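Subject: Structure for your review

Dear colleague,

Please find below the structure that I am passing on to you. My notes on what was found in it follow directly after.

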Amino acid sequence: MTTKVMPFQLSAKNHKQGLTALLVAVFLCTGLFSTWANAHQVKAAITTVLFNPRTQNIEVMHRFNLHDAEHAVKVLFDKHADIMEEEKTQQAFADYVSNHFALLNGEEKSLDLGLVGFELDGNHFWVYQETAQPPELDGLMIRHDALRDLWPTQVNTLNVEGNGPLKTLTFTENVTLLEVEFNNEHH
C-alpha cells in the first residue's frame, strides 16, 4: 500500500487560519516570556549553615543570583561597579554580605564568623564564612539581612544541616531574626 502525499495548497481560508494560529502562538510565547520575566523579579538568596563534623566548624555558604548581585553592587557601591570583572567589587560585596549576616548563641552573643572567600559560579555569586563550633550549643539565633535593605521583597532562605534534622528558615518582609533549636543533638 502506498500513500500519496498531496502538496499543500495555500488557499485564502488556510492562509487566514495559519495567520491566526501564528498570532496565537506569538501571544502565548509573549505571555510566557512576560511571566518568566516577572518571575525573575523575585529577589531570593539561599544560604546553608553546615555543622561539619570533620572540621568541627560551622560553615556558611551564601548563594546569590548573579543578576541580583550585579544590580546590588551598582546601588551599594558605584553605578560603574562590575562584580563579574572586578575583584575589589567582589570583595566589597562579600564584605557587605558578611556584615548583614550573624549567628548568635543562646545568650545572644555573636559567633565570630570569618570570611573564607567568594566566587563566581555560572549564574551565581557565592560567599563563604566559617567559625569554630562552640562546645555547647542548644540553638542559634540568625540574622540575614543581605539585600533586604535594597529590596524589601528580598527572600533569604536558610538551611541548617549537620546538627539533627534539616531546618529551614525564611527571612521575608519584616523578619530580622529567626531561631533554631538543636535539642541537645549537637555532635
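R148 and D145 are both buried, where buried stands for under 20% relative accessible area, exposed for over 50% and partly exposed for anything in between, with a 1.4 Å probe and protein chains only. Salt bridges with shared partners bring R143, D145 and R148 into one network. The term salt bridge is applied to a side-chain nitrogen of Lys or Arg within 4 Å of a carboxyl oxygen of Asp or Glu. Between R148 and D145 the closest N and O atoms are 3.8 Å apart, and between R143 and D145 they are 3.5 Å apart. D145 has a relative accessibility of 18% and so counts as buried, while R143, at 25%, counts as partly exposed.

Before you read on, please note that this is a predicted model, in which local features need pLDDT of at least 70 and side-chain atom pairs count only at pLDDT 80 or more, whereas totals for chains, interfaces and linings use all residues. Residues are numbered from 1 along each chain as its sequence is written, and side-chain values use heavy atoms, with hydrogens and water left out.

The salt-bridge count comes to three. One of them joins K43 to D68, with the closest N and O atoms 3.3 Å apart. This pair links distant parts of the chain, 25 residues apart: K43 belongs to the loop between α1 (12-40) and β1 (44-52), and D68 to helix α2. Helices (H or I, at least four residues) and strands (E, at least two) are taken here as DSSP runs, numbered from the N terminus. K43 and D68 are both buried. K43 also lies over the face of W151, 4.5 Å from the ring centre; the criterion is that NZ of Lys or CZ of Arg is within 6 Å of the ring centre and within 35 degrees of the ring normal.

Turning to the aromatic residues, the search of the whole structure finds six pairs. Rings of Phe, Tyr and Trp (its six-membered ring) are paired if their centres lie within 6.5 Å, and planes under 30 degrees apart count as stacked, over 60 as edge-to-face and the rest as tilted. F93 and Y96 form a stacked pair, at 6.0 Å centre to centre and with 25 degrees between the planes. Because they are three residues apart in helix α3, F93 and Y96 are separated by about one helical turn. In general, an α-helix has 3.6 residues a turn, so residues three or four places apart point the same way. Ring pairs link F64, F93, Y96, F118 and F125 into a cluster.

Helix α3 itself covers residues 87-99 and has 13 residues; from its first C-alpha to its last it reaches 18 Å, close to the 18 Å expected at 1.5 Å a residue. That expected span is 1.5 Å times one less than the number of residues. The buried residues of α3 are T89, Q90, F93, A94, Y96, V97 and S98. Their cover includes β2 (57-65), α2 (66-76), β3 (101-104), β4 (114-121) and β5.

The C-alpha atoms of Q129 and V116 are separated by 5.0 Å.

Lastly, Q56 has a positive phi of about 60 degrees although it is not a glycine, and is found in the loop between β1 and β2.

Yours sincerely

Key
Contact = heavy atoms within 4.5 Å.
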